[in-house]
Amino acid sequence: MKCLSNRANSHFSGQVECEMGSPGNGAWVNRGFCGTPPPLPRAVSTIYDPRPFFRGPAESVRKQDPPGPFSDQPEAPERGPVKERSRCCSFIKGLWGTTLTENTSDNRELFVRTTLRELMVYLVFLVDICLLTYGMTSSSTYYYTKAMTDLFVNAAGDGGVTFQSIGTMADFWVYAQGPLLDGLYWTKWYNNKPLDSGDQSFIYYENMLLGVPRMRQIKIKNNSCKVHSDFQEEISGCFDAYNEKKEDDFSFGLVNGSAWTYHTEKEVKGSAHWGLLTSYSGAGFYQDLSRTRQGSAAIMTELVTNLWLARGTRAVFLDFSTYNANINMFCVIRLLVEFPATGGAIPSYQIRTVKLIRYINNWDYFILACESLFCLFILYYVVEEILELRIHKFSYLKSIWNILDIVVILLAIVAIVFNVFRTIKVDKLLGKLLRQPDIYADFEFLAFWQMQYNNMNAVNLFFAWIKVFKYISFNKTMTQLSSTLGRCAKDIMGFAVMFFIVFFAYAQLGYLLFGTEVDSFSTFAKCIFTQFRIILGDFDYDAIERANRVLGPIYFVTYVFFVFFVLLNMFLAIINDTYSEVKEELSSQKDELQITDIIKQSYTKTFTKLKLKKEKISDVQKALRSGSGEIEFKDFRETLKEMGHADHEISAAFSRFDHDGNQVLDQEEQERMKMELKEKRDALSAELNTLGINYGKGLEDESSLTAAEQEKQPSQTPVEHGEFQRLARQVIRLESSVVALLSRTELIMRRLELDGKKGKETVHSDRGFKAEMLSRSAAAPGSSTDGCDM
């Protein structure tokens, strides 16, 4: 039969094989690779061959020997344990493969693909952690806190005293016996009809008072400070500012009760508190109130009569908790009045609204499912970090992103442990409270740690969002922020030294000038934050001027001039200059492989594969039409070999339809082959028609140059796509011929060396030499037997 067409080299077009070469080595589609070694020869599979289209180097080396005449896919037998180990490693590599576990230094496309996979997984994790964080709170939390604040902090009694207006011990007792008791005990409706709740109080008719409230005070010993000798005769007692070592632990007053007897922090099961003046321990003298208003009023009258608060008192705590079943929220309230050594009173309060009982409605159970998924994600990332640490050792910690990964995982593990602890502790505490409703419900400890848990989750969520920059850094536009900050870090550090020298000098000056009269300058820490507020335009100039009419204006004007107009603008200039440099460098750099390039290449390779398959089917159809009557394997093989197909491919295609094995295709077998080829050709044609328009547009976009680009590159001449494909095939054919010649030359040289040693050759050795040469020629890269599979 005649040779109809020769497409032996069309199957090796640049669009298919380009991803295995770097731009410097002739690749022209995928620009993401830099320095990848040239590809080893590999056979292209056909529509009949189930083997993968691309084969790795190891597989190419293993399959150099041509298969038997009727063998579809001959492979050397492999050992079971090796297969199992390979599958296990592939599974781990695929599941936990990251840019740090894969070798992506010279493979830009693999880097982008791996980063995108990491980004997709991480976005699911980010959505999950957002649901968990927002599931812990709601807008009802704010309104619950506001209602309790208005009732216990801002409400005034008959005496006109609110909690915030307490200035003396007498004001404290007026508040405690008026607004406090009125807010704690709700026994009547607004029309003075009694509530049907027994001795249980429901604040605002909705919030159940848990247990009974507690009052606790901390005292200081007499003569805890030293009086100057000039005043020792006039001043008989001296009570120092609060110090835990100077706490008064002696019983006083009526002696026979917890209000008059000192209890340690362990006995009270209390916790330290950070007030406005200092931190206070959880010990002291405490008194639990009653479940009714009358009982509590009687207890307070007894305390006032016997002078429970005295000169040594430094702090009084009012603690109680409520629960709202409508929104499933606990409100833990602590009112604190500090009595400093200077006299007077300083009130402060702390209202914590928390969700301690987690799983009640459907939304809570959805959050439970998210928590389970969150635990799986943390386990996944723990394994990932272990693998990366195992590969990179201590160099792994040189990257700030890797450190951020570890921080997020550690905070998440702490959150999981606390979640379990909180659930167990709340169940235990509620069980005890239900058995003994007349005791103090101490939710202060749980509320404190619940707030820390919420704060930790908020910080963790912030880090989780910042970590997104790690996965989008493959785009040069996204790296502008990190590049700018990294480039100007040294300049900023040097500038910061100069800035803070001036800044702290003004802070010391302000503290000494205005600290005795202006609240915002009363401490050195407040001075620092006040000066930052001045930079942002938030200041009280009148208070500064009243404190010092001469130095106040001078301080303000010079501070604004040097810090705001000079130093702050220097700081902005450093960042602006660095940003301009980074942006200019990025614009001049060659564009690396982008996501759009990955999508376009995938589309192009799909189109090319379909086109090649259609051409192979056409070759077989032409071979069938060229024959008459029965087609022998010899004629079928000769025709397809002239078209560039390999022996084992032809054998595989022929043996598939030669059911009787006589190496002859009769009319029935030919019709069966034609029918199957026609079905596959029609399917490929439909798919090619769908992709063809976009493919043509993509080729036009790649090959066309704008007028501006042509002016910049006048020496370049546009080349048509068909001409380029023809030149690419010629280059590949030349490379294949050179490789084949080199392999044969090497064989001849080796044979000549043997001839020199032995001196003569037998006929048997000549035949062996010829057979070996033919075998190597058949397996040489780019040879006629290494075309496309059918």
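**Helix crossing.** I looked up the handedness of the crossing of H13 and H17 in this predicted model, and the crossing is right-handed. I then read off the geometry: the axes of helix H13 (residues 480-487) and helix H17 (residues 551-588) come within 9 Å and cross at roughly 125°. H13 and H17 are therefore oblique to each other, given that angles over 145 would count as roughly antiparallel and 65 to 115 as roughly perpendicular.

I listed the residues at this contact. H13 contributes Gln480, Ser483, Thr484 and Arg487. From H17 I noted Ile575, Thr578, Tyr579, Glu581, Val582, Glu585 and Leu586.

**Aromatic pairs.** I examined one of them, Tyr122 with Tyr471, and found a tilted pair with 5.1 Å centre to centre and 40° between the planes. The partners belong to distant parts of the chain, 349 residues apart: Tyr122 is in helix H4 (residues 108-135) and Tyr471 in helix H12 (residues 468-471).

Are Tyr122 and Tyr471 buried or exposed? I record Tyr122 as buried because its relative accessibility is 0%. Tyr471 also counts as buried, at 2% relative accessibility; the cut-off for buried is under 20%.

**Aromatic cluster.** I noted that one aromatic cluster is formed by Phe495, Phe499, Phe500, Phe503, Phe504, Phe524, Phe532 and Phe571.

**Charges over rings.** I checked two cases. Lys219 lies over the face of Phe252, 3.6 Å from the ring centre. For Arg422, I found the charged end over the ring of Tyr453, at 5.7 Å from its centre.

Note on methods:
Residues numbered from 1 in each chain as written. Predicted model: local features only at pLDDT ≥ 70, side-chain atom pairs only at ≥ 80, totals over all residues. Heavy atoms only, no water. Phe/Tyr/Trp six-rings, centres within 6.5 Å; stacked < 30°, edge-to-face > 60°. Helix = DSSP H or I, 4+ residues; strand = E, 2+ residues; numbered from the N terminus. Buried < 20%, exposed > 50% of the residue type's maximum accessible area, 1.4 Å probe, protein only. Lys NZ or Arg CZ within 6 Å of the ring centre and 35° of its normal. Axes fitted to C-alpha atoms, helices over the stretch in contact; angles between N-to-C directions. Parallel < 35°, antiparallel > 145°, perpendicular 65-115°, else oblique. Left-handed = near helix turned anticlockwise from the far one by under 90°. Contact = heavy atoms within 4.5 Å.
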